Amino acid sequence: MTAPLLDVQDLSVEFHTDGGVVHAVSHADMSVPESGILGLVGESGSGKSVTSLAVLGLLGTRRARITSGRILFRGEDLLQKSPAELRALRGRHIGLVSQNALSALDPSFTIGAQLVEVLRRHQRLDRRTARARALESLQLVALPDAERRLRAYPHELSGGQRQRVVIALALACRPELLLADEPTTALDATVQKQILDLLLSLNAELGTAILVVTHDFGVVSHLCRTVTVMRRGRVLEAGTTERVLTAPEHPYTQALVKAVPRLRLGADERAVPRQQRRLPEFTEVLTAVEG
Amino acid sequence: MNETEAPTGLPATAPTAPEVARVPRPRRGQPPARPSRTRLAVRAFARDRVAVVALAVLLLVVLASLFAPLLAPFSPTAGDASLRLQGIGTPGHPLGLDGQGRDVLSRLLWGGRNSLAVAVVPVLVVFPIALLAGLVAGYTRGHLGDLIMRLLDVLFAFPLVLLAIALAAVLGAGLGNVMLAIGITLIPYMARVAYTTTVQEVGKEYVEAARASGATTRDLLLRELVPNVVSALLVYATTLCGLMIVVAAGLSFLGVGVIPPTPDWGIMTSDGASVLLEGKFHVATIPGLVILVVALSFNLIGDGLRDALDPRKQTT
Amino acid sequence: MIAVLRRLGSTVLVLLGVSLIVFLLLQLVPGDPARAVLGAGATQESLAAVRAQLGLDKPLAVQFLDYLGGLLRGDFGRSLTVNQDVSQLLLPRLENTLVLTGAALLVCLVVGIPLGILAARHQYGLFDRISMFVALAGACVPVYWFGLVLVGVLGLSLDLLPTSGMYNSRNPGGFEDLLAHLVLPAFTAALVPLAVIARMSRSVFVDVLQQDYIRTLRASGLSEASILWRHGLRNALPPIVNIVGLQVGYLLGGVIFVEVVFGWPGLGQQLYTSITQRDLPVVQAGVLFVAVAFVLVNLLADAAVGVLDPRSRRAVRA
């Protein structure tokens, strides 16, 4: 077995706030194999988003401190890299699809301009080539009418289209790893599935490994081969999606999983009335079980 | 100018309607679950060291002005020509004497009464007027409200300082007229803040919730809306006091404010201008510094108030 | 298009209201304006003459229509103290005032906006705290006093720069002479609006830097320079332009003091002289000129925002 593409080992992150020190992540381990898809699941405040920001080196220097661990990407520790080295890595080798599709694009620049700027930042391309590559990226994410969209401003697109553009931007330089932080949360239910399917097909086509950060087990079961469950900054459980869903070891995961199959029964027995194919949010399940 | 714009024709530093308490108040008949809003705000303010120091400085200035008759060592108007323009540290005259041989310290103390009154009284008088106009225009959204806002738009076309100068110039100098001029100038600015806050608050969910739970209009206005609008206006008014100290003294400086020889910080600065050529800087410098310090104190208190009234920064 | 027409329409209405208020200023004069102009010892004939010149013998509505008609023809009345039409008297001075205001505005923009951006970049850092406290203090400075201090220290004591007038009176030079004379008044006039613009630019920028798309750009590996000065500035600019437009109002007001202190032969100084001489037509016209300039600047600012912001209408979060 080869070394994983991304290997987070013993990562701890602290936040210094007015109220004291918050341990956002404590001794977390996780790994994403080459071309694999890992789901990082947890409720809000569990440290899952902080972990993904740490991988990108975007924690912000003032209040956040990484107190232990290593983040190995292609065998190199990202925590040892200089800010300039990290900048060269971001967008080129690791792409981010961020939480809120609606506000993730700069409203003052056309989609083409944003794609071209990122492409030219990382690859020595002349304007024409960069524009052609930008168009390719938009076609890759199956954005209809891509040629015309290059000249469009973000506000002229729908939410689903914008998320496709965000993915195109993240994949423009064909990175080996894609971090998808709640990639579908802000979208309509029908569009959610389209975006998940797109991520799956990109993974199959390009071999891009994906780290999906989500609170939504529906996303995990649709997308991920392996899953890591976090709560209060700690990793509770990790394994293949199938194993974690069928034989969870930790009581917290068990509580969750016990709630999941019930939703697969007839519509009249659903505990939480929600859109189809979408499982309840983590916290909802918890309150249903604990309360 | 469109309606969402903050009234920023001002050098005031709290131009947007500040973040104000938007915690739903406890329903009638239930004991409040936490200390009252006022008490929380006071506590939060007391923790803000900068604001507390500014408040102390301001209180000191106010008290010194109030007790000017007791504190001032000399007459503010009668001078001793033989000591004319003696500098800082002259025996018996710690801040020196002006061009007419008058004691600068005494004039400063007496002048504080006029300078503070001319700035603060109009703000206090306009406060309820602006509150009412803003609430009516913002809550009813009817023709009356439209009319009020159109009128204010016209007043906004005049730069604040210019309007104050023009009004003071036609009304004529004198304490009462200056207050009137400043008061009229303030109305559009304060009413706009009351209006903007009202519109913002009416659009928020807690007003909706209060309505849905059967609150009457009167209840809604008095218990939910007014406290929030008052807080916002209070913060703004504090900042405006600082600005008006500068503007009012400026009117006196131009000769359309308080009439000499009545002591006033603006007049003292203007007196100092005429002796500047003689190389005597203290006469103009001292009152100017006092104006600066008082205006800054008002601004810092305003900043402190804004934070203290923000429930997200309060802790029980 | 409709929005543009509406904006223009409301501007016309505001200008109409402005001229009404300027007209009414005369009615605010306590007692008989003619007597106020001439003083207590005036004869009946001279009083009547002044009344006729000011049009005070007609009904108010007619007076206003006459006044408005005059304005449209470019007739702003006649000065009571100088044997000159008001427009003849004021137009060259307006030009001088615009030179001073323009220079001060340039200082505000070139110093104020970058200062705000740098403070926002280092939010809560030492530079942010110090520069924003200084800016708050700067916003509280009485302009007239600051001008005097500069005159005293830089002009009289150190004799570095000219402290009065627009050109050297004995040996008037060209552009260089004007620049030397501009330095002190322009900086004095700029001080307060600069401080306010710096503080507001900071808060606009802090807001922009917290937006999701900034994180997207960072995650795309763009340089800090591009994020700050290309994407950040481009998005912060519309609200900042609005703020600057409104600050021009303070600039135009503050310039009155500056012109008096530095003997700058502009509108403000003329206004000051005319106020002391109770030359009301000149005061009226001067106030009108400044107000109209202010209204037009804000119209321009709104137009600039329309061009800058692709969404064209965005709430100003200042």
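**Figure 1. Overview of chain C in the predicted model.** Chain C contains 12 helices and 0 strands, and this count, like every other value in these legends, comes from a predicted model. Read from the N terminus onward, the order of elements in chain C is α-α-α-α-α-α-α-α-α-α-α-α. Along the principal axes, the C-alpha atoms of chain C fill a box of roughly 80 × 55 × 35 Å.

**Figure 2. Close-up of the crossing between helix 5 of chain B and helix 1 of chain C.**

**Figure 3. Close-up of the interface between chain C and chain B.** Here 51 residues of chain C are in contact with 49 residues of chain B, and the two chains bury about 4600 Å² between them, with 79% of that area on carbon and sulfur atoms. Between chain C and chain B the count is 1 salt bridge, in which the side chains of Arg199(C) and Asp303(B) meet at 3.6 Å, N to O. With both residues at pLDDT 80 or more, 5 residue pairs are found in polar contact across the interface of chain C and chain B. On the side of chain C that touches chain B, at least two residues each are supplied by helix 1, helix 6 (126-139), helix 7 (143-157), helix 8 (175-209), helix 10, helix 11 (267-276) and helix 12 (280-308) of chain C. Helix 10 of chain C gives the largest share of that side, 11 residues. By class, the side of chain C that touches chain B has 40 nonpolar, 7 polar and 4 charged residues.

**Figure 4. Close-up of the interface between chain C and chain A.** In this view 21 residues of chain C are in contact with 27 residues of chain A, and the area buried between the two chains is about 2200 Å², of which carbon and sulfur atoms give 56%. Within chain C, the residues that lose the most area to chain A are Arg215(C), Ala219(C) and Pro310(C), which together account for 24% of what that side buries. The count of salt bridges between chain C and chain A is 1, and in a salt bridge of 3.1 Å, N to O, the side chains of Glu117(A) and Arg230(C) meet. Across the interface of chain C and chain A there are 13 residue pairs in polar contact, with both residues at pLDDT 80 or more. The elements that give two or more residues to the side of chain C that touches chain A are helix 9 (212-219) and helix 10 (224-262) of chain C, and helix 9 of chain C contributes the largest share, 7 residues. By class, the side of chain C that touches chain A has 5 nonpolar, 8 polar and 8 charged residues.

**Figure 5. Close-up of a salt bridge within chain A.** Side chains of opposite charge can pair when their charged atoms come close. Over all chains the count comes to 20 salt bridges, and in one within chain A the side chains of Glu43(A) and Arg231(A) meet at 3.3 Å, N to O. This pair links distant parts of the chain, 188 residues apart, with Glu43(A) in the loop between strand 3 (37-41) and helix 1 (48-56) of chain A, and Arg231(A) in strand 9 (residues 226-231) of chain A.

Methods. Residues are numbered from 1 along each chain as its sequence is written. Chains are lettered from A and ligands numbered from 1 in the order in which they are written. This is a predicted model: local features need pLDDT of at least 70, side-chain atom pairs count only at pLDDT 80 or more; totals for chains, interfaces and linings use all residues. Side-chain values use heavy atoms; hydrogens and water are left out. Axes are lines fitted to C-alpha atoms, for helices over the stretch in contact, and angles run from 0 to 180 degrees between N-to-C directions. Helices (H or I, at least four residues) and strands (E, at least two) are DSSP runs, numbered from the N terminus. Contact means heavy atoms within 4.5 Å. Buried area is the accessible area (1.4 Å probe) that two parts lose on being put together, summed over both. A salt bridge is a side-chain nitrogen of Lys or Arg within 4 Å of a carboxyl oxygen of Asp or Glu. A polar contact is a pair of N or O atoms within 3.5 Å; within protein, one must be able to donate a hydrogen and the other to accept it, and residues adjacent in sequence count only if both atoms are side-chain atoms. Ala, Val, Leu, Ile, Met, Phe, Trp, Tyr, Cys and Pro count as nonpolar, Asp, Glu, Lys and Arg as charged, and the others, Gly among them, as polar.
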